[in-house]
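Hi everyone, thanks for making time. I'd like to walk you through one model this morning, so let me put it up on the screen.

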Amino acid sequence: MTRVVVLLGPPGAGKGTQAARLAAAMALPHVSTGDLFRAHLSRGTELGKEAQRYMEAGELVPDELVLDMLFERVAKEDCREGYLLDGFPRTLAQAEALEARLGEEVARCAVLIDVPDEEIVARMAGRLTCEQCGAVYHRRNDPPKVEGRCDRCGGTLIQRPDDREDVVRERLGVYRRQTTPVVEFYRAKGVLREVDGRRSPDAVFADLQAVLGGCF
Ligand code: AP5
């Protein structure tokens with residue numbers, strides 16, 4: 001059975017952190033549209049350059065650029081048994097395009113990881129991201145073993161340009177306006193589950209595993 005997990009939640013809710021753990025536990029690939037854009041940017045592609053100006057302003061990249069890139073990724077062989085989506089869909093048009101592509105025979109579950117805005121702003125101020133492999137750390141909550149170096153690949157840890165407080169607040173506004181309708185879309189379909197993202201990463205992971213165990 002093909003399984004598709006959609007992780008929803010505001011920027012900084014912990015989608016990427018949890019997707020990496022779930023991917024290992026469920027043996028499914030972690031597909032993040034943000035990571036796909038950042039990979040394009042580091043390769044210097046036209047798509048990466050086009051996406052960069054939206055990302056740095058905290059705005060969404062236009063749907064047409066997102067959809068082609070995402071569908072190309074999930075058409076790859078490693079996604080045959082399913083995949084974990086992180087950061088997609090973010091608009092109703094994206095959600096509808098995904099539904100149309102999946103059809104009836106694919107099992108799906110959408111999980112909302114929710115965290116209040118003020119906690120998010122504090123989290124983002126401390127987030128460190130590996131320039132090379134995208135692994136995520138936090139200065140206080142989840143520090144790397146060696147300061148400034150990725151535990152996984154030894155790459156350099158940086159603060160993402162869109163983690164500045166003013167950009168984070170803009171991203172939160174965009175989330176409320178454009179992505180909240182996606183949450184309601186899945187709720188109306190009866191496939192939405194919710195977990196409290198304010199708890200520790202281990203507690204959130206345990207909740208996610210329990211919720212997903214009930215979905216598939
Ligand atoms: P994207 O990269 O998807 O960013 P995001 O959704 O805004 O999410 P983040 O990666 O910022 O946060 P996260 O929820 O993954 O949290 P994390 O685990 O890192 O998108 C970036 C941009 O790309 C968008 O703004 C847009 O421009 C564009 N884009 C991407 N997809 C698009 C789409 N579909 N359509 C249009 N445009 C698109 O955790 C955050 C921090 O908190 C870390 O430091 C972590 O260590 C820490 N942490 C995690 N969990 C906990 C916990 N439980 N307790 C305490 N700290 C925690």
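One definition before we start: a disulfide here is a pair of cysteine sulfur atoms within 2.5 Å. And please keep in mind that this is a predicted model.

With that cut-off, how many disulfides does the count come to? The count comes to 1 disulfide. The partners are Cys109 and Cys215, with their sulfur atoms 2.1 Å apart. Cys109 sits in strand S4 and Cys215 in helix H8, residues 201–215, so the pair ties together parts that are 106 residues apart in sequence.

You'll see an open sheet of 5 strands, in the order S2-S3-S1-S4-S8, with parallel pairing. Which strands stand at the edges? Those are S2, residues 30–32, and S8, residues 192–196; each has a single partner strand, so one side of each is left without a neighbour in the sheet. From one strand to the next, the twist averages 25 degrees.

Zooming in on one pairing, S1 (residues 3–8) and S3 (residues 82–86) run parallel and are joined by 5 bridges. Within that pairing, Val6 has Leu85 in S3 as its bridge partner.

Now for the helices on this sheet. Helix H1, residues 15–26, lies across S1, S2, S3 and S4, and runs at about 170 degrees to S3. Helix H2 lies across S2 and S3, at about 70 degrees to S2. In the loop between H1 and S2 you'll find Ala27. Its phi is near 55 degrees, a positive value in a residue other than glycine. Another backbone detail for your list is the peptide bond from Phe88 to Pro89, which is cis, with omega near -5 degrees. Pro89 is in the loop between S3 and helix H5.

There's another sheet to look at. Here 3 strands form an open sheet in the order S6-S5-S7, and the pairing is antiparallel. The edge strands are S6 (136–138) and S7 (157–158), each pairing on one side only. S5, residues 127–130, pairs with S6 over 3 bridges, and Arg127 stands opposite His138 in S6.

The structure holds 1 cavity of 30 Å³ or more, and about 30 Å³ of space lies in the largest cavity.

My last stop is the second largest pocket, with about 170 Å³ of space. Which helices each supply at least two residues of its lining? They are H2 (33–43) and H4 (63–74). The lining includes Leu36, His40 and Arg43, together with Asp68, Glu72, Arg73 and Lys76. In this pocket the lining residues divide into 4 nonpolar, 1 polar and 5 charged.

Key. Residues are numbered from 1 along each chain as its sequence is written. This is a predicted model: local features need pLDDT of at least 70, side-chain atom pairs count only at pLDDT 80 or more; totals for chains, interfaces and linings use all residues. Side-chain values use heavy atoms; hydrogens and water are left out. On a 1 Å grid over the protein atoms alone, a cavity is a set of points where a 1.4 Å probe fits but cannot get out, and a pocket is an open set with protein on both sides within 12 Å along at least five of seven lines; lining residues have an atom within 4 Å of a point. Grid points are joined across faces, edges and corners, and a volume is the space filled by probe spheres set on the points. Helices (H or I, at least four residues) and strands (E, at least two) are DSSP runs, numbered from the N terminus. Ala, Val, Leu, Ile, Met, Phe, Trp, Tyr, Cys and Pro count as nonpolar, Asp, Glu, Lys and Arg as charged, and the others, Gly among them, as polar. Two strands pair if DSSP finds at least two bridges between them. Axes are lines fitted to C-alpha atoms, for helices over the stretch in contact, and angles run from 0 to 180 degrees between N-to-C directions. Contact means heavy atoms within 4.5 Å.
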